Amino acid sequence: MGDTALEAVLRRDRAVVTAALVVIAVLAWAYVLWLAADMVMPGSPVPDSAGGDMAGMDMSTMDMSTMDTGGMDMGATVAPAFRVWASADFAFIFTMWAVMMVGMMTPSVAPMLLLYAGVGRKARADGRPIAATGWFFAGYLAVWVVFSALATGAQWLLARLALLDPSMATDSAIFGGLVLIAAGFYQWTPMKGVCLRQCQAPIAFLASHGGFRPAPLGALRLGIEHGAYCLGCCWALMALLFVGGVMNVLWIAGIAILVLLEKTVPTGRLIPRVSGALMIATGAWLVFRAL
């Protein structure tokens, strides 16, 4: 195959991979938007209701076991309660987190996937094929699926401790401030720097990890390794979802944009350090105001 023909094929492959990534991200974001508009999260606190006005109260999240249904004083205030999560609730919240991670992280891994697809096409043309891009992407996403399971457990725990409001944001200024401070300090740590460098330079990552793999399982492991660096870079930012709201679409988009800027804008560690300083200052202000 001539160089001109190969370049044309590579351009076509990049267009196909880009279109696929856009479709995946759009579908994931559409799902998140639908959830934000339509659902009540399991474990959400039930708002107070007084004077017998039960309108607007989500009875599915209310613990009825403590009520005297035979002689309820409708003039009394009903205290907030939490419904215990069922297995279906855990599955639903896990799915929500997994789809949200796909929507948030797909744009930032796109450069790596495009590089992989381009090299894969050239390798096949040279008679030295490597494993399909999908194997690498599957390994990358597997890391975020595991993270989604951990995030589901964290959300359950925070709901049980009554630290989340119906939008799944913390209603404790002190807790929210401490999370912001912790995330801000992590932005300055050497661990953040090591992981971010691997995410910012796909070619350097490949060179330091043995390059592309011909076997599917090798590509899967390579994707897992890349995903692990990405998780090390971004997990503290994802914890901020509990501060601004797991279903706050603008907050989700803001974090996704920050992740994308950190990985793709060639400013070294400037963006994480500036954002980290802002997080620390904001968190300290929230804690100080609450004391």
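What follows starts with the overall picture and then turns to one helix packing.

A quick word on ground rules: this is a predicted model, where local features need pLDDT of at least 70, side-chain atom pairs count only at pLDDT 80 or more, and totals for chains, interfaces and linings use all residues. Residues are numbered from 1 along each chain as its sequence is written, and side-chain values use heavy atoms, with hydrogens and water left out.

The protein chain has ten helices and zero strands, with helices being DSSP runs of H or I of at least four residues and strands runs of E of at least two, numbered from the N terminus. Of its 291 residues, 44% are buried, meaning under 20% relative accessible area with a 1.4 Å probe, protein chains only. The accessible surface is about 14100 Å², and 71% of that belongs to carbon and sulfur atoms; the areas come from the Shrake-Rupley method with a 1.4 Å probe.

Now zoom in on H7 (residues 216-239) and H9 (residues 249-264), which pack at about 150° with their axes 11 Å apart. Axes here are lines fitted to C-alpha atoms over the stretch in contact, and angles run from 0 to 180 degrees between N-to-C directions. H7 and H9 are therefore roughly antiparallel, a label for angles over 145 degrees.

Who touches whom? Cys-230, Cys-233, Cys-234, Leu-237 and Met-238 in H7 meet Ile-255, Leu-258, Val-259, Glu-262 and Lys-263 in H9, contact meaning heavy atoms within 4.5 Å.

Technical notes:
Parallel < 35°, antiparallel > 145°, perpendicular 65-115°, else oblique. Buried < 20%, exposed > 50% of the residue type's maximum accessible area, 1.4 Å probe, protein only.
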